[in-house]
Amino acid sequence: MANVFPAYVQAHPSFMMPEVVLQYQQASGFAESLAGREVLPRLGEGDLAVYGKALELRTQVAGGQVAYNALPSVTLVAHQFSTPTYLWRVRAEYDHHDMSQAAQWGVALAEAQRMGMRQAIFQQVRTAALFGSGATGEGLLNTAGATTVNLPADSNGNTTISTYDNGQMALFLLSQIAALKVRTNLMGMGVRINILTSQQIDAAWDYQGVVQLTQFQRNGAGVETTAGMVADIAKRQGDEVTFTVDDTLKGAASGGADYIIINMPEVKKPASQNRINTNIFADLQPSLTGAAVQLCDMVAPKEIQCPLPGGASDVLAELRSTSGWGIRPETITIITATY
Amino acid sequence: MSANSIAFNPFATTVAAGLFLTTAAGLVAGTFFDDPAKRFALSGGVLAASETLPMWGGVAIGEYIPASGNDPRGSQIKRATTEANLTGFSVFNQNGAAISSPQSPVPQTLSGGQVNFFRLGSGAKLALAIDPALVSDDGGLITQQVSWDFTNQRIVAYDTVAALPIKILSIQTAQVMTVAFDGTNAATWTRSGNAAAIVII
């Protein structure tokens with residue numbers, strides 16, 4: 001697209017402020033929903049799809065006071081799972097006249113175009129992480145088998161975030177975290193939970209949502225916010241709960257509701273300190289701990305520069321990534337709630 | 001038309017669901033219980049060109065003498081359609097040539113591919129899918145008469161036509177993996193199925 005740096009008129013004498021007021025974009029917290037809080041730079045630049053391996057087990061055992069010889073056996077079942085990759089590309093072209101014109105505005109055009117292209121690609125990577133790239137099952141929100149919940153009414157019949165009872169909101173979120181840990185057999189083990197939602201919902205939980213005083217003692221009553229109560233109680237169980245925002249989730253659910261993604265990006269191996277460990281099979285070999293991942297070929301776009309006739313330059317930026325991939329759907333809870 | 005494809009969409013997204021369990025105690029339908037004596041009854045054959053559906057473990061099969069009289073790859077294998085042409089059951093065991101894809105994770109054999117199976121009379125102990133209604137057989141004799149559902153490939157109540165030559169040793173309804181087939185070429189694992197440990201007689 002274009003570089004719009006027009007000639008300008010001013011009164012003289014005058015003073016031009018040297019700093020430019022830049023457009024700021026929301027720095028999305030989507031990566032906190034991914035294992036390792038980052039995209040996973042493992043792809044080769046030409047890899048068209050990603051495959052994963054899973055191994056399942058079913059057991060039988062025989063017993064008796066003394067030995068007999070017709071015994072059962074266990075069965076191992078391997079299977080694979082997959083997701084495609086997408087190559088995101090964008091181009092910039094400019095010549096020395098464009099650069100000169102931008103320089104009149106105190107802007108280094110080559111760098112501005114470079115950052116603009118990164119912005120374009122990174123936003124698309126974010127969209128792919130949350131909403132996918134168009135095909136079925138892509139993106140954390142479209143994870144097949146993820147738990148989906150509509151925000152139920154509180155005891156006063158309120159069904160929107162802005163009217164919900166703050167303490168009950170915190171208890172609802174805690175119950176979702178607990179349900180997630182129960183599903184994954186991780187009660188008793190501290191895990192990382194990320195809650196990604198819109199700014200307005202996060203604001204309700206972080207600012208105006210002070211937990212009310214009640215007739216009984218409630219954690220943080222009169223002092224703590226919804227988010228503070230959630231983090232505080234979960235912390236006692238060893239969990240780290242982080243609240244991150246992305247406003248592309250605002251109004252994105254049906255009926256204009258917002259999405260809230262509660263997920264456990266990394267799974268822990270349920271461990272026992274006892275000699276008889278009923279999860280001993282998981283000690284077989286190191287296994288994938290990432291439950292929600294997004295792979296890419298490099299962490300910043302590759303840039304290819306090429307001179308054009310007439311003194312212009314062409315810069316192409318490209319990055320390959322998957323969509324958000326909820327490998328273990330049991331670790332993802334998607335809540336739909338109207339603000 | 002022969003069974004000549006399994007489902008494979010190279011650009012589909014699939015996940016690894018169902019891998020958080022309380023206990024692994026269960027069965028995988030279509031498998032043989034390791035047994036040093038019966039192991040040598042595991043036979044191989046070739047899925048017939050006339051077959052229109054791929055083959056997987058736990059399917060009732062009919063075994064046919066090769067048209068050429070002899071084939072080093074073994075007999076021609078077709079799906080059994082009635083008890084009259086049922087001669088054994090296919091199994092997953094040792095069949096690393098059966099193929100899978102993310103969309104169709106259950107190993108399947110296509111026409112011309114190898115089918116591993118146990119014959120009736122082999123005495124092999126297998127896990128086979130079963131109609132959950134047959135938990136009513138619990139507590140009864142292992143020789144209670146049952147029949148085979150040739151559409152859904154599972155043990156069902158006795159149809160008064162022909163009894164299946166098996167003994168049911170146990171019926172399990174938890175952590176049981178059975179095969180769900182889309183009717184064309186995709187076979188996926190169902191983790192809420194029901195299976196019986198049986199002995200072929």
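Two strands pair if DSSP finds at least two bridges between them. The model under discussion is predicted.

1. Open sheet in chain B. With that criterion, 2 bridges join strand 1 of chain B to strand 7 (residues 125–129) of chain B, and the two run antiparallel. Within this pair, Thr31(B) stands opposite Ala127(B) of strand 7. The sheet concerned is open, has 4 strands in the order 1-7-13-10 (chain B), and is paired in antiparallel fashion. Its edges are strand 1 (31–32) and strand 10 of chain B, each of which pairs on one side only.

2. Hairpin in chain B. Strand 11 (residues 178–181) and strand 12 of chain B run antiparallel and are joined by 4 bridges. Together they form a hairpin with 5 residues between them. In the turn, Gly183(B) has a positive phi of about 90°. Phe181(B) stands opposite Ala187(B) in strand 12.

3. Faces of strand 12. In a regular strand the side chains alternate between the two faces of the sheet. For strand 12 (residues 187–190) of chain B, the covered face consists of Ala187(B) and Trp189(B), whereas Thr188(B) and Thr190(B) make up the uncovered face.

4. Backbone geometry in chain B. Gln94(B) has a positive phi of about 60° and is placed in the loop between strand 5 (88–91) and strand 6 (114–119) of chain B. Because its relative accessibility is 57%, Gln94(B) counts as exposed. Thr160(B) has a positive phi of about 65°; its place is the loop between strand 9 (154–157) and strand 10 (166–172) of chain B. Thr160(B) is also exposed, with a relative accessible area of 63%.

5. Cis peptide in chain A. The peptide bond between His12(A) and Pro13(A) is cis, with omega of about 5°. Pro13(A) belongs to the segment before strand 1 (40–41) of chain A.

6. Side chains of opposite charge can pair when their charged atoms come close. Arg37(A) forms a salt bridge with Glu32(A), at 2.7 Å from N to O. Arg37(A) also forms a salt bridge with Glu240(A), with the closest N and O atoms 2.7 Å apart. Since Arg37(A) lies in the segment before strand 1 and Glu240(A) in strand 6 (residues 240–245) of chain A, this pair ties together parts that are 203 residues apart in sequence. Both residues are partly exposed, Arg37(A) with a relative accessible area of 30% and Glu240(A) with 36%.

7. The side chains of Arg192(A) and Glu266(A) meet in a salt bridge of 2.9 Å, N to O. Arg192(A) lies in strand 5 (residues 192–197) of chain A and Glu266(A) in the loop between strand 7 (258–263) and strand 8 (295–296), so the pair ties together parts that are 74 residues apart in sequence. Arg192(A) is buried, with a relative accessible area of 7%, whereas Glu266(A), at 21% relative accessibility, counts as partly exposed. Salt bridges that share partners join Glu32(A), Arg37(A), Arg192(A), Glu240(A) and Glu266(A) into one network. A search of the whole structure finds 21 salt bridges over all chains.

8. Interface between the chains. How many residues of chain A are in contact with chain B? There are 37 in chain A, in contact with 35 residues of chain B. The two chains bury about 2,900 Å² between them, 54% of it on carbon and sulfur atoms. On the side of chain A, Arg58(A), Gln60(A) and Gln80(A) lose the most area to chain B, together 21% of what that side buries. The count of salt bridges between chain A and chain B is 1. Arg191(B) forms a salt bridge with Glu56(A), the closest N and O atoms being 2.5 Å apart.

9. Surface of chain A. Leu55(A), Leu76(A), Ile280(A), Phe281(A) and Leu284(A) make a nonpolar surface patch of about 460 Å². Of these, Leu55(A) lies in strand 2 (residues 49–58) of chain A and counts as partly exposed at 35% relative accessibility.

10. Separation within chain A. Gly106(A) is found in the loop between helix 1 (96–103) and helix 2 (109–131) of chain A, and is exposed with a relative accessible area of 62%. The C-alpha atoms of Gly106(A) and Gln285(A) are separated by 57 Å, the two residues being 179 residues apart along the chain.

Technical notes. Residues numbered from 1 in each chain as written. Chains lettered and ligands numbered in written order. Predicted model: local features only at pLDDT ≥ 70, side-chain atom pairs only at ≥ 80, totals over all residues. Heavy atoms only, no water. Patch = residues over 30% accessible without salt bridge, like charges linked within 9 Å, V, L, I, M, F, W, Y side chains within 5 Å. Areas by Shrake-Rupley, 256 points an atom, 1.4 Å probe, with all protein chains shown as cover. Salt bridge = Lys/Arg side-chain N within 4 Å of Asp/Glu carboxyl O. Buried < 20%, exposed > 50% of the residue type's maximum accessible area, 1.4 Å probe, protein only. Contact = heavy atoms within 4.5 Å. Buried area = accessible area lost by both parts, 1.4 Å probe.
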